[in-house]
Amino acid sequence: MKPTLFRLTTVPLSLDKLLGGQMGFMSTYFDVTGISSDKQYLARIGAKEGIAVYNVEMTRKITPLKDLVAIIKLYKLIKKYKPLIIHTHTPKAGLLGMIAAGLANAPIRLHTVAGMPLMEARGVKRKILNITEWLTYRLATKVYPNSKNLKQFIVDNKFCLPAKLKVIGNGSSNGIDADHFKPNGSTIRKSIELKSELRLTDDNFVFLFVGRLVKDKGIEELVKAFLTIHKQYPHIRLLLVGPFEHELDPLSASCVEQIEINENILSVGFQSDVRPYLMLSNALVFPSYREGFPNVPMQAGCFDLPCIVSDINGCNEIIEDGENGLIIPVKDTVALKVSMERLLTDKLLLLKLKANARRMIVDRYEQRYFWSLLLDEYQELLKNHGTVSQDI
């Protein structure tokens with residue numbers, strides 16, 4: 001019999017987009033169950049990955065009563081199926097999953113850290129988030145920051161002993177499917193159609209952002225920088241691919257208004273397939289305040305796009321300044337504007353960054369290689385526990 005593996009995220013979008021393909025790969029060696037919220041979406045993921053799924057509703061906010069209900073459901077699941085490995089992702093699923101796993105005395109309790117909301121929190125909220133982060137790591141038997149800088153942040157803030165921490169490979173939570181993120185006939189045709197729909201021409205230089213349209217992704221600074229340089233370079237466009245999130249971290253009313261009324265800012269909402277948008281763009285701009293190890297710069301790099309990113313965890317490991325992109329200080333609208341202008345005016349720099357972009361991503365973050373490293377980690381943990389999958 002295969003060992004049982006539970007994978008938990010707060011919302012199924014994380015299972016789908018951040019861990020896509022990984023659970024299907026692991027199902028060759030484990031009986032995998034994906035656990036998350038949103039029963040219907042979760043069922044689609046189960047069918048796509050070929051794994052069992054179980055719905056446990058979790059929220060991304062502080063909701064004590066709902067959290068307690070989720071912990072009880074998770075505890076019962078763990079006691080019933082007795083998974084040898086429980087691996088959580090995202091802050092709330094990590095906290096609730098590790099509490100339930102600890103109460104159920106599950107043997108191997110793993111948590112991947114892929115960004116921390118507490119980095120931008122202040123006051124009482126920061127203190128609460130510090131405690132929850134510390135508790136999650138305390139209950140885990142192993143913690144996996146998905147970047148080297150994030151690991152150092154955890155050590156510096158004394159959330160966890162260094163001996164419990166490990167970065168898999170060069171970082172990331174899932175690597176990058178380089179074969180999926182490259183031009184093909186279908187992607188090229190779709191990008192041509194989109195170009196026409198969006199009224200873009202070959203003369204336009206398209207700056208692309210992919211992600212949630214919220215403050216801590218640097219959208220306010222991006223819109224301000226774009227509006228400033230558009231006056232001098234009227235051929236440029238700003239393409240925003242991602243949903244507004246008005247509840248957790250809303251943009252200012254003036255920023256939302258500019259996005260909605262400015263004909264040079266093209267906001268297309270959430271897209272299940274971002275490849276055509278990468279295909280028709282000239283550069284990625286990703287001025288986020290905090291990340292773990294973001295997928296978007298890796299995806300953009302695979303499409304030969306230079307990336308402008310903030311000097312934060314993950315981004316400053318994926319991007320090397322002057323080699324495959326440009327790195328700017330966090331929340332610095334002027335530096336963002338200058339870097340965008342550099343890509344518009346320095347043709348030799350642009351060509352160099354484009355030439356390096358895909359190679360530098362594939363060499364370090366190819367997905368199958370990452371999966372094999374994670375599988376090795378699981379097997380080593382099982383071996384130390386006295387159990388090894390018979391399918392290997």
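Reader: Which strands does helix H14 lie across?
Author: Helix H14 (residues 333-345) lies across S7, S8 (236-241), S10, S11 (307-310) and S12. Its direction is at about 165 degrees to S12. Helices (H or I, at least four residues) and strands (E, at least two) are DSSP runs, numbered from the N terminus. Axes are lines fitted to C-alpha atoms, for helices over the stretch in contact (heavy atoms within 4.5 Å), and angles run from 0 to 180 degrees between N-to-C directions.
Author: One caveat: this is a predicted model, where local features need pLDDT of at least 70 and side-chain atom pairs count only at pLDDT 80 or more, while totals for chains, interfaces and linings use all residues. Residues are numbered from 1 along each chain as its sequence is written, and side-chain values use heavy atoms, with hydrogens and water left out.
Reader: Thanks! In what order do the strands of the open sheet come?
Author: The order is S9-S8-S7-S10-S11-S12, 6 strands with parallel pairing; two strands pair if DSSP finds at least two bridges between them. S9 (265-267) and S12 (325-328) each have a single partner strand, so one side of each lacks a neighbour in the sheet. From one strand to the next, the twist averages 20 degrees.
Reader: How many bridges join S7 to S10?
Author: There are 2 between S7 (residues 205-210) and S10 (residues 283-286). Leu208 stands opposite Leu284 in S10.
Reader: New topic: is Ser172 buried or exposed?
Author: Ser172 is buried, at 4% relative accessible area (buried means under 20%, exposed over 50%, partly exposed in between; 1.4 Å probe, protein chains only). Ser172 sits in the loop between H7 and H8 and has a positive phi of about 95 degrees.
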